[in-house]
Amino acid sequence: MSTTPAQQDTPMAQTEAGAETGWQVDDRCMNCNIARAYAPGMITFAEGGRYGGLSKVTRQPETAADEEKMYLAAHACPTRSVHPPTGPLTADSDPYPVALDDAQTVYLCGHASPQTYGATSYLLRRPDGTAMMIDTPRWRPALARRYEQKVGRVTDVLITHLDHVAHARRYADAFRARLWIHEGDLHSLPDADHVIRGTEPVEIGPGVIAHPFPGHTEGSTLFVADDTFCFTGDAFFWSNGQQALEVAHSVVYDSIETLAGSVARGAEELTFEWVLPGHGDFHHLPAEEMRERMRGLGRRTATYPAEPVDYGAVRY
């Protein structure tokens, strides 16, 4: 595997009592879900699977593929809470960026930041050999260099909404890239280079369309590439637990009614096969099946009441 900058941003914290061998999750876990998404069935909810709990290793890897998933989780974890049995993580075990699809169009950045609550960020490779970054990982100059060496020159940094803005300016400057956000969330990133305005779709580049999608925040925006890849930020996600598209109805900063309207409209106007969220699981389905799933989500979201913000109630 290739190398990257030193990974030891924070020292190892206390691990679960009695855990002496094998992979472990320490007590700094912030319940962001990224490790559970990347190592399903091995890293799960603590407390017997209860939602809102932290993560723990409930099954040790049994195959080489299992081991790879654990390293994906470890090098993505924003608190560096996932530890291999060999001791601290080392640079040569870092797999990122790693292609998500067979055509190697979308890459996972890994290295999630605690400042975005562990949000997943992506690199979208374009046919001309350039790339776009959607939301941002933790800031490291060597990571910026590594991403461009792997996927090509990054021309644009696309921010889905206000609580994913951390490190955006630094990555945009490092790449000499255009920095995009919607005007509804511009107060969180006032030095953005390009501002998406209104409610109509905007072409960011050939085959890449920004779709304003208010609800989670006023300025939430989806980015859809090639009618295939939909980068949703925190607007909606695939829930492995529910085996369905879902919204984080307990974490809404704008309006659940507005979000329900965005989902219903999106079900008819959007075409995509991959849902690629900031939080929750990514998932691939045929476009028509994804449309039907969106319609169902729209109907469910219309029934959700407004409620106080509660991260622990999100049904990943």
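Cys77 is buried, and its relative accessible area is 7%. The model is a predicted one.

**Cysteines**

How many disulfides does the structure hold? The count is zero. Cys32 takes part in none, and the nearest cysteine sulfur belongs to Cys77, 6.1 Å away. For Cys77 the nearest cysteine sulfur is that of Cys32, again 6.1 Å away, and Cys77 is in no disulfide. Is Cys32 buried or exposed? Cys32 is buried, at a relative accessible area of 8%.

Cys230 sits in strand S15, which covers residues 229-233. Its relative accessibility is 0%, so Cys230 counts as buried. Which residues does Cys230 contact, setting aside neighbours within four places in sequence? They are Leu222, Phe223, Val224, Phe236, Phe272, Trp274, Val275 and Leu276. Ile181 is 49 residues from Cys230 in sequence, and their C-alpha atoms are 16 Å apart.

**Backbone features in loops**

One is Asn33, with a phi of about 85°. Asn33 lies in the loop that joins strand S1 (24-25) to helix H1 (34-38). The other is Asp135, with a phi of about 55°. The loop that holds Asp135 runs between strand S8 (131-134) and helix H4 (141-151). Asn33 is buried, and Asp135 is buried as well.

The loop between strand S4 (82-83) and strand S5 (98-99) contains Pro97. Where is the cis peptide bond? It runs from Tyr96 to Pro97, with omega near 0°.

**Two further buried sites**

Ser121 is in the loop between strand S6 (106-108) and strand S7 (122-125). Its relative accessible area is 1%, so Ser121 is buried. Beyond residues up to four places away in sequence, Ser121 touches Tyr107, Leu108, Cys109, Gly110, Ile134, Asp135, Thr136 and Pro137. Lys150 is 29 residues from Ser121 along the chain, with 15 Å between their C-alpha atoms.

Ala35 is part of helix H1. Ala35 counts as buried, at 9% relative accessibility. Leaving out residues up to four places away in sequence, Ala35 touches Ile43, Ala73 and Val82. Ala35 and Lys69 are 34 residues apart along the chain, yet their C-alpha atoms are separated by 9.1 Å.

| Residue | Relative accessible area |
|---|---|
| Cys32 | 8% |
| Asn33 | 6% |
| Ala35 | 9% |
| Cys77 | 7% |
| Ser121 | 1% |
| Asp135 | 2% |
| Cys230 | 0% |

**Helix packing**

Two packed helices are described by the angle between their axes and the distance between the axes.

Take H6 and H7 to begin with. Helix H6 spans residues 256-269 and helix H7 spans residues 287-301; their axes come within 8 Å and cross at roughly 160°. Why is H6 called roughly antiparallel to H7? Angles over 145 degrees count as roughly antiparallel, so the H6 and H7 pair falls in that class. The crossing of H6 and H7 is left-handed. On the H6 side, the contact is made by Ile256, Leu259, Ala260, Val263, Ala264, Gly266, Ala267, Glu268 and Glu269. H7 supplies Arg291, Met294, Arg295, Leu297, Gly298 and Thr301. By type, the contact residues of H6 and H7 are eight nonpolar, three polar and four charged.

Now H4 and H5. Helix H5 covers residues 168-175; H4 and H5 pack at about 55°, with 10 Å between their axes. That angle makes H4 oblique to H5. The crossing of H4 and H5 is right-handed. Leu143, Ala144, Tyr147 and Glu148 make the contact from H4, and Tyr171, Ala174 and Phe175 make it from H5. The contact of H4 with H5 has six nonpolar residues, no polar ones and one charged.

Conventions
Residues are numbered from 1 along each chain as its sequence is written. This is a predicted model: local features need pLDDT of at least 70, side-chain atom pairs count only at pLDDT 80 or more; totals for chains, interfaces and linings use all residues. Side-chain values use heavy atoms; hydrogens and water are left out. Axes are lines fitted to C-alpha atoms, for helices over the stretch in contact, and angles run from 0 to 180 degrees between N-to-C directions. Helices (H or I, at least four residues) and strands (E, at least two) are DSSP runs, numbered from the N terminus. Angles under 35 degrees count as roughly parallel, over 145 as roughly antiparallel, 65 to 115 as roughly perpendicular and the rest as oblique. A crossing is left-handed if the near helix is turned anticlockwise from the far one by less than a right angle, and right-handed if clockwise. Contact means heavy atoms within 4.5 Å. Ala, Val, Leu, Ile, Met, Phe, Trp, Tyr, Cys and Pro count as nonpolar, Asp, Glu, Lys and Arg as charged, and the others, Gly among them, as polar. A disulfide is a pair of cysteine sulfur atoms within 2.5 Å. Buried means under 20% relative accessible area, exposed over 50%, partly exposed in between (1.4 Å probe, protein chains only).
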